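Let us walk through how the chains of this model meet one another. Have the sequence and the 3D view open as you read.

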Amino acid sequence: MAETLPIDRFPELPRDEEGPVFSEPWQAEAFAMTVKLHEAGHFDWSEWVTYISTEIANGAPPDEVDDNAIYYRHWLNALERLVADKGLSSPPELVDRKDAWRRAYENTPHGEPVELTSAG
Amino acid sequence: MAKHDHDHEHTAPPSDPALRVKALESLLLEKGLIDAAALDEIIDTYENKIGPRNGAAVVARAWVDADYKKRLLDDATAAIAELGFSGVQGEDMVVVENLPGLHNMVVCTLCSCYPWPTLGLPPVWYKAAPYRSRAVSDPRSVLDEFGVTLADDVEIRVWDSNAELRYLVLPERPDGTDGMSEDQLAAMVTRDSMIGTGLVQAP
Amino acid sequence: MAVLSADQVAGLAATGASCRVDEAVAPKFSVGDHVVVRNINPSGHTRLPRYVRGKRGVVDRDHGVFVFPDTNAHIEGEKPQHVYSVRFTPRELWGGDASERDSVYIDMWDDYIDPTE
Amino acid sequence: MNGVHDLGGMHGMGPINPEENEPVFHDEWERRVFAVTIATFGGGNYNVDQFRHGIERMGAANYLSTSYYEHWLHMVETLMIENGSISRDELSAKQAQLAQEAA
């Protein structure tokens, strides 16, 4: 899907000649989730650019040093705000889901893809 | 499919606030940006010296001294300073009075603004999402959770302290306390009664 | 940058750091004025909660002149202006059969509200 | 900004659960966060509106799933990095050093 995406429009997106680059699986998951929500018609890319730009302007989270991780923390924050503003998910649901993801990470050996089914 | 194996290195260890604050504190100390003795003094001040007993003294004084009560309702900041309570997060105070048929309650929907000099630091529930979300939209259900049931015809005023004004509720003096001293009265006044999530009960 | 010392702690705790500004700024509203809250969605800091945006209320009390948080949070100046306690009915805020008699009071800076006809 | 901190009227946040005889602090790290915050604020490193904005900029799920003093910790880290008092790398190196010493 990535080659059909308007990735030139995503500000500061970490990428190489083949497309977006990720340093951890969760970053690719966040990216893919956003593409799926777009394909389902929940928002257009200009809206997305507004949300991700706002997060970048808000400054980096203090607990990341890796550039890709910082970028995809912005991405996740933007996605959380967008799904809340669109009424796709309520904040309490997001927290439940975050908890599920945390457990999935803790149950996943380093380097393997993280899946929600690992939440246990 | 991932294996469940506790010997492996976790992909993203959850960050531990105790470790993080220790790192931050020691870095700022090493750089001379904070002073170790000041940290101890700050903790001692807010853990041991400032708390809801201060607010209770204000309430008791207002109950026994009509002139003081008038000053308190006209210019709360000055009247509270008369008793020696002022400062951070109490720079600009407003006191709202409960009356028969009228109940006041305070919240900060945007963060956790709270009158520190009179009530100390806020309890966890005051700072958490359930109280902050519901106090403005359904105060009666909130009061129910605190065991406060008001008659249907009691008017409720909710004060959202979104600006720099800090609000203190002056609760109603309970019946049957006529002979009590100011100190005895102060001992009955609870923190929650000054937030508006409680009533003062005669012993 | 100043470093707070232990002997300054009591003074800080007792005097605080008021955001009240001692400046003669004319108020835009008077007690009793009917106002409507601006329906803004700033990307920066604001102390204007969503639940009152676009809602109608009445000015109950003028608290005086304070620093404006929407600019001060971004070091864009203190923009001092009046803050008022504005009264809203639960029916205006939440609709339906919510109470007309109860009220929610919230503090509004001049730049958050407009007059209504 | 529109964020999850703006909670007035939001649904589904659950019961309030007040704690009986709640202590001022629940843990030593909360005392330290409180003191470091007041010391850096009192030292003039940021104003009260920057303080609040520093918390509002946390992501929604992160904000709702962490406690009050974790919000303050996030804010002091953020603002002290942004004003150049400390660097992201210094902070992370100090965390790694302390974690190793504790292990």
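Where chain D meets chain C, the contact (heavy atoms within 4.5 Å) takes 21 residues from chain D and 24 residues from chain C. This is a predicted model, in which local features need pLDDT of at least 70 and side-chain atom pairs count only at pLDDT 80 or more, while totals for chains, interfaces and linings use all residues; side-chain values use heavy atoms, with hydrogens and water left out. Residues are numbered from 1 along each chain as its sequence is written, and chains are lettered from A and ligands numbered from 1 in the order in which they are written.

The size of an interface is often given as the accessible area lost when the parts come together. Chain D and chain C bury about 1,700 Å² between them, 51% of it on carbon and sulfur atoms (buried area is the accessible area, with a 1.4 Å probe, that two parts lose on being put together, summed over both). On the chain D side, Met1(D), Asn2(D) and Asp49(D) lose the most area to chain C, together 29% of what that side buries.

Which side chains meet in a salt bridge here? They are those of Asp6(D) and Arg50(C), at 3.3 Å from N to O, and the rule finds 1 salt bridge across this interface (a side-chain nitrogen of Lys or Arg within 4 Å of a carboxyl oxygen of Asp or Glu). Chains D and C also have 8 residue pairs in polar contact, both residues at pLDDT 80 or more. A polar contact is a pair of N or O atoms within 3.5 Å; within protein, one must be able to donate a hydrogen and the other to accept it, and residues adjacent in sequence count only if both atoms are side-chain atoms. α2(D) gives the most, with 6 residues.

Now turn to chains B and D. Here 48 residues of chain B are in contact with 49 residues of chain D, and the area buried between these chains is about 4,400 Å², of which carbon and sulfur atoms give 69%. The count between chain B and chain D is 7 salt bridges, and 14 residue pairs are in polar contact, both at pLDDT 80 or more. On chain B, α1, α2 (36-49), α7 (124-127), α8 (129-134) and α9 (139-145) each supply at least two residues of the side that touches chain D. The largest share, 13 residues, comes from α1(B).

So what does α1(B) pack against? Its partner is α4(D): helix α1 (residues 17-30) of chain B and helix α4 (residues 68-82) of chain D pack at an angle of about 35 degrees, with their axes 11 Å apart. Axes are lines fitted to C-alpha atoms, for helices over the stretch in contact, and angles run from 0 to 180 degrees between N-to-C directions. Among the residues making this contact are Leu24(B) and Leu28(B) of α1(B), and Leu73(D) and Met80(D) of α4(D).

Side chains of opposite charge can pair when their charged atoms come close. Arg20(B) forms a salt bridge with Glu77(D), the closest N and O atoms being 2.8 Å apart. Lys31(B) forms one with Glu90(D), at 3.0 Å.

Definitions and conventions
Helices (H or I, at least four residues) and strands (E, at least two) are DSSP runs, numbered from the N terminus.
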